[in-house]
Each structure stands twice: as C-alpha cells, then as structure tokens.
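Here's a quick briefing for anyone meeting this structure for the first time. Take a look, then read on for a few places to start.

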Amino acid sequence: MGRVNVEEVFEAKLAKNDFIEPKDWMPENYRKHLIRQISQHAHSEILGMLPEGNWISRAPSLRAKLVLLAKVQDEGGHGLYLYTAAESLGISRDEMLNALLTGKAKYSSIFNYPTLSWADVGAVGWLVDGAAIMNQVMLQRSSYGPYSRAMVRICKEESFHQRQGYEIMTHLSFGTPEQKAMAQDALNRWWFPTLMMFGPPDRESPNSENALKWRIKRETNDQLRQRFVNQTVIQAEYLGLTIPDKGLVWNEAKKAYDFSEPDWAEFKNVIKGNGPCNKERLVSRNKSHKDGEWVRAAAAAYGKKQMEASLAA
Ligand code: BYC
C-alpha cells in the first residue's frame with residue numbers, strides 16, 4: 001500500500017466540504033489561524049458581557065432585567081464553547097486568558113464603546129448582535145468541526161438576542177418623543193462602530209485570503225458588511241429612525257445600498273488599545289478573574305476528588 005499523503009487528504013476534505021476534526025492532520029498555519037480567530041472570538045464574547053452587564057441593575061422592569069440577565073449569561077456560555085473549541089487545537093485555556101488579561105490579545109473593537117443609556121442596550125442587541133449573526137451564520141459552515149458546531153448553538157441564541165434588542169428599540173421608537181430621541185441617539189453612536197465589527201475593508205484584510213482558501217470564512221468582510229446594511233435599513237425605516245449616514249442611498253444597478261465607509265483610523269486606534277473603554281474593560285476583566293480564583297480552585301479540587309473516587313472504585 002502506498003503512503004498516505006496527509007496534505008492531499010486535508011485538501012480533499014476541504015474540496016468535499018467535509019469537516020477537519022481535532023485528530024486530523026492539518027497544516028500548521030491552518031491551526032494557528034484558527035487559534036487566532038477562535039480565541040479572539042471567545043474573548044469578544046466574554047468582554048461583550050461588560051457593556052450589557054452595566055445595565056442589569058438599572059433595567060427598567062423585572063421582565064427587562066430577567067431577559068438581559070439571560071442574554072449576558074448566554075455570552076459567557078458562548079465564550080466557554082469557543083475556548084473549548086480553541087483548546088482542541090492544542091492551546092491551553094490559561095495561555096489564552098493570560099493573553100487577554102495582559103492586553104496582548106485582540107477582541108472585537110465594538111466592546112470598547114460605552115453603553116450610556118438603556119437605549120444602548122437595545123441598540124447593542126439590534127445592531128451588534130445583528131452584525132454578529134450575519135458573520136456567524138457563515139461560520140456555522142466553517143471547515144473546522146468543533147468551531148462550526150459551536151457556532152450552530154451560538155447562532156440560535158444570538159437570534160434571540162437580536163430580537164431582545166429590536167424589541168427595546170420598538171418600545172422606545174413608538175414611545176414618547178423623549179424615548180424616541182434616546183433610540184435615535186443610540187443608533188447615531190452605534191452605527192459606524194457596528195460597521196467596523198466586520199473587520200477592515202477587503203483591500204486591507206491580510207487574513208482573508210487564507211481564511212477563504214481554507215473555508216474558515218465563507219464570505220469577505222465587505223460582503224457581510226453590505227448584507228448587514230441592506231437588511232438593517234429596512235428595520236430602521238420601520239422604527240422611524242434615521243441611519244446617521246448622508247451617503248446612504250439605494251443603488252438600483254447593484255440592488256443594494258451605497259453607504260459611507262467607517263472611519264478606519266478610529267478602528268485602528270481602538271484595536272490598538274486606545275478606544276473609549278479599552279482600559280476600563282481590561283481592569284474589569286482582571287478584577288473578575290481575580291475574584292473568581294476561589295471558585296476555580298474549589299471546582300478543580302472537587303473534580304480531583306471525583307476522579308480519585310472513580311479510580312478507587
Ligand atoms: N475588532 O485580516 P482581517 C459578538 C483584526 S462577538 C478587533 O480582516 P480576519 C457578541 C483582526 O483580528 C463578535 N480586531 O482578520 C459578543 C486582524 O488582526 P490579527 C466577534 C479586528 O480574522 C457578546 C486584523 O484586524 N465576532 O458579536 O480575517 C455580545 C486584520 O483583519 C476586528 C467574531 O470574532 C474587529 N472588529 O477577519 C454580543 C467572529 N476586525 O489577528 C455580541 C469571528 C478585524 O491579524 N471572527 N480585526 O492581529 C471573524 O469572523 C474574523 O476574525 C473577523 C476579522 C471578521 C472579525
């Protein structure tokens with residue numbers, strides 16, 4: 001029997017749309033690319049708990065508080081699935097968390113903006129979760145099995161999150177003039193940062209070529225951004241809100257909206273660590289990590305005892 005060429009097996013799997021699984025051979029750059037993207041994604045979920053968590057104690061009703069609590073808890077769960085998927089590629093949870101806590105790791109730019117009013121909780125759910133789903137639906141068909149399966153579950157929960165945000169925006173937009181003004185103000189502040197979530201324009205996206213070749217990403221940053229704009233304009237119209245972009249205009253020839261580019265200098269500055277809340281977010285995350293030390297120690301001790309008991313039985 002001839003020797004199996006592992007590279008050919010890998011390529012054949014990609015060509016057939018089969019999943020690559022943790023024990024399969026994979027090129028070292030594919031493994032590193034996935035660790036980078038999945039760990040950044042996990043960090044974003046965990047950091048994403050902070051701007052929303054900021055409003056749990058000030059939610060305007062018990063119902064609103066319960067729904068927001070459930071949503072923030074879901075984000076913690078998403079982080080857990082994603083860290084686990086990244087661990088299957090041979091990196092430890094400690095290594096990833098250490099990179100986050102020391103400010104070395106990237107996480108989504110969007111979570112470095114403040115949530116100034118209850119309307120921001122609505123705008124985050126509607127726009128930020130809406131953008132997250134747009135990106136994550138394609139990731140459900142990502143080539144790495146554990147990442148793809150994590151995304152299936154995450155997408156189900158994200159669609160509930162998007163509804164939660166849109167419901168808040170609906171109440172405010174059809175409420176008093178002051179409430180409608182709050183909704184408009186939130187949209188004004190979150191619109192362009194949300195467009196930045198999709199990443200730099202394709203002409204400046206160094207990772208896209210490999211991501212598309214390996215079917216980690218299925219669509220480009222610009223394609224997803226365009227689809228998000230097309231979908232969201234109609235939702236804003238229903239709410240009677242104005243998207244804060246004078247360059248937004250329907251283009252009949254391309255059957256899509258033209259729109260202004262976000263300020264890419266601002267985006268670069270935020271991911272360098274100089275956004276409005278970068279420092280505050282890292283301080284909060286470090287504090288939570290430290291405060292949770294005894295919980296991790298207790299869970300590890302319990303796990304060890306259970307293991308010893310099962311080995312002795
Ligand atoms: N923020 O070559 P590119 C959520 C970095 S979770 C910060 O296009 P790629 C939610 C990028 O990492 C939302 N950095 O990269 C959670 C790269 O730097 P490195 C997060 C960004 O990977 C809780 C460089 O810029 N979603 O929504 O092909 C509550 C060049 O970029 C950003 C995910 O993570 C950014 N926005 O494409 C509510 C989805 N954009 O690593 C909601 C998974 C780019 O070379 N990730 N950079 O130093 C992806 O799909 C892709 O990684 C991205 C970027 C589309 C984000």
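A helix here is a DSSP run of H or I that is at least four residues long, and helices are numbered from the N terminus. Keep in mind that this is a predicted model.

**Helix α7 and Q164**
- Helix α7 takes in residues 145-173, and Q164 is found there.
- Is Q164 buried or exposed? With a relative accessible area of 5%, Q164 is buried, because buried means under 20%.
- Setting aside neighbours within four places in sequence, Q164 is in contact with V67, L68, K71, V121 and G125.

- L62 has its place in helix α4, which runs over residues 62-87.
- L62 has 62% relative accessibility, so it counts as exposed, the cut-off being over 50%.
- Together with L66 and L69, L62 makes a nonpolar surface patch of about 310 Å².

**Around the ligand**
- How many residues surround the ligand? There are 31, and the closest are Q40, K106, S109, S205 and K217.
- N135 puts a polar side-chain atom 3.0 Å from an oxygen atom of the ligand.
- For N207, a backbone N or O atom lies 2.9 Å from an oxygen atom of the ligand.
- M196 also brings in its backbone, with an N or O atom 3.4 Å from a nitrogen atom of the ligand.
- On its own, the ligand has 1,000 Å² of accessible area, and the protein covers 90% of that.

Notes. Residues are numbered from 1 along each chain as its sequence is written. This is a predicted model: local features need pLDDT of at least 70, side-chain atom pairs count only at pLDDT 80 or more; totals for chains, interfaces and linings use all residues. Side-chain values use heavy atoms; hydrogens and water are left out. Patches are made of residues with over 30% relative accessible area and no salt bridge: like charges are joined within 9 Å, nonpolar side chains (Val, Leu, Ile, Met, Phe, Trp, Tyr) within 5 Å. Accessible areas come from the Shrake-Rupley method with a 1.4 Å probe; for residues, only the protein chains shown count as cover. A salt bridge is a side-chain nitrogen of Lys or Arg within 4 Å of a carboxyl oxygen of Asp or Glu. Helices (H or I, at least four residues) and strands (E, at least two) are DSSP runs, numbered from the N terminus. Buried means under 20% relative accessible area, exposed over 50%, partly exposed in between (1.4 Å probe, protein chains only). Contact means heavy atoms within 4.5 Å. A residue is near a molecule or strand if one of its heavy atoms lies within 4 Å of it. A polar contact is a pair of N or O atoms within 3.5 Å; within protein, one must be able to donate a hydrogen and the other to accept it, and residues adjacent in sequence count only if both atoms are side-chain atoms.
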